[in-house]
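Here is a friendly note to read alongside the structure below. Please keep the view open as you go through the points.

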Amino acid sequence: MNSLNLYHIFYTVAQCGNISAAARKLYISQPAVSKSISRLEESFSSPLLVRSSRGVTLTENGRLLYKQLETAFQAIRQGEEMISRNDLLGAGSLSMGVSATLCKYVLLPCLQDYIAENPYVKISLSCQSTHETITALENGTLELGLVGESERLEGSRLTFLPIREIHDIFVCSPDYLRKLHTRPEENNQQEILTQGTFLLLNKDNVTRQYIDRHMLLQGISVEHKIEVSTMDLLIDFARIGLGIACVIGEFVREELQKGSLMECSIREPIPPRRIGFAYPRSVKPSAAMSAFLARLVPREFP
């Protein structure tokens, strides 16, 4: 009998406080339990238990050994649970593509609880544009993408699972409106359009393309604009008074509540759009991916 079995028998006896009860729990004979304890005590040249008619009690060395074994067996149980859950989720890995903006404001909060519950799943994140994510999904180099709904998705070979609506709005600082000689409470639209500097994402961005289509339908043309690569820059530029930024309203709630930014009315409101997760239609989602999506999307996956 190896040392691990001896330790397990000793640990069980210490838990039960009785050799007969430990034998029943271990499905071995009482003499076999007593013999194992004796062998362990011989290896230490020290008694570990004090036997009496009422059961057993631990000696000082026995208590020391029991405490260390309790930590060790708990670690073993945790390891077994992690392996079992890893087997349940298959490969235990998940590769995702997402824009920097959606990663910060949407994906990271979702990942926090998932990783805490599934620390064994290897997560690989690629921060890139929505177009790049869709291309990678179609090429099979990514399993999952968090993207905004777009015309390109409609003609793709991808399944799209929406998780929420977002609202694009125009915002600026109160000081910037005063520089335009416009009272904040009035929001003079014509003066904003002709005199204001608009802060927009680059033209290859899906959000920018959506905004451009809306502005075209509304007959809106802006003369002065600054183009940047990320929405965080738009928010920062607007906050320090460089212009009127088109941002996702849900991502500037704190600024709007504090008054560092205020919403500008530019004719008709921009229709809401959806964001969600996309994956190749021809590939069955892995167990790891289905477990992740199940936390966010209230539906079954094929």
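The numbered points below go through a sheet, its helices, some charged pairs, some aromatic pairs and one glutamate.

1. A word on the ground rules. This is a predicted model, in which local features need pLDDT of at least 70, side-chain atom pairs count only at pLDDT 80 or more, and totals for chains, interfaces and linings use all residues. Residues are numbered from 1 along each chain as its sequence is written, and side-chain values use heavy atoms, with hydrogens and water left out.

2. Five strands make up an open sheet with mixed pairing, in the order 4-3-5-12-6. At its edges are strand 4 (122-127) and strand 6 (158-166), each of which pairs on one side only. On average, neighbouring strands here are turned by 20 degrees against each other, direction ignored. Helices (H or I, at least four residues) and strands (E, at least two) are DSSP runs numbered from the N terminus, and two strands pair if DSSP finds at least two bridges between them.

3. How do the strands pair? Strand 3 (residues 93-98) joins strand 5 in the parallel sense over three bridges, with valine 98 opposite leucine 146. Strand 5 pairs with strand 12 (residues 273-280) in the antiparallel sense over four bridges, and there the bridge partner of leucine 146 is phenylalanine 277. Strand 6 and strand 12 are also paired in the antiparallel sense, over eight bridges; in that pairing leucine 158 stands opposite proline 280.

4. Is strand 5 enclosed or open? Five of the five residues of strand 5 (residues 144-148) are buried, so the strand is largely enclosed by the rest of the structure. Here buried means under 20% relative accessible area, exposed means over 50%, and partly exposed is in between (1.4 Å probe, protein chains only). In a regular strand, side chains alternate between the two faces of the sheet. In strand 5, Leu144, Leu146 and Gly148 point one way, while Gly145 and Val147 point the other way.

5. Now look for the helices that lie across these strands. Helix 5 (residues 100-117) lies across strands 3, 4, 5, 6 and 12, and runs at about 175 degrees to strand 4. Helix 6 (residues 130-139) lies across strands 3, 5, 6 and 12, running at about 145 degrees to strand 5. Axes are lines fitted to C-alpha atoms, for helices over the stretch in contact, and angles run from 0 to 180 degrees between N-to-C directions.

6. How many salt bridges are there? The count is eleven, where a salt bridge is a side-chain nitrogen of Lys or Arg within 4 Å of a carboxyl oxygen of Asp or Glu. One of them joins aspartate 232 to lysine 104, with the closest N and O atoms 3.3 Å apart. Aspartate 232 lies in helix 11 (residues 231-239) and lysine 104 in helix 5, so this pair ties together parts that are 128 residues apart in sequence. Both ends are partly exposed, aspartate 232 at 28% relative accessibility and lysine 104 at 42%.

7. Another salt bridge sits within a helix. Arginine 208 and aspartate 212 have their closest N and O atoms 2.9 Å apart. They are separated by about one helical turn because they are four residues apart in helix 10 (residues 206-217). Salt bridges that share partners join Arg208, Asp212 and Glu227 into one network. Arginine 208 is buried at 3% relative accessibility, whereas aspartate 212 is partly exposed at 28%.

8. What about the aromatic rings? The whole structure has six aromatic pairs. Rings of Phe, Tyr and Trp (its six-membered ring) pair if their centres lie within 6.5 Å; planes under 30 degrees apart count as stacked, over 60 as edge-to-face and the rest as tilted. Phenylalanine 170 and phenylalanine 198 are an edge-to-face pair, 5.8 Å centre to centre with 85 degrees between the planes. Phenylalanine 170 is in strand 7 (residues 168-172) and phenylalanine 198 in strand 8 (residues 197-201), 28 residues apart. Phenylalanine 170 is buried at 4% relative accessible area, and phenylalanine 198 is buried at 0%.

9. Finally, glutamate 255 is found in helix 12 (residues 253-258). With 14% relative accessibility, glutamate 255 counts as buried. Leaving aside neighbours within four places in sequence, glutamate 255 is in contact with Ile235, Arg239, Ser260 and Leu261; contact means heavy atoms within 4.5 Å.
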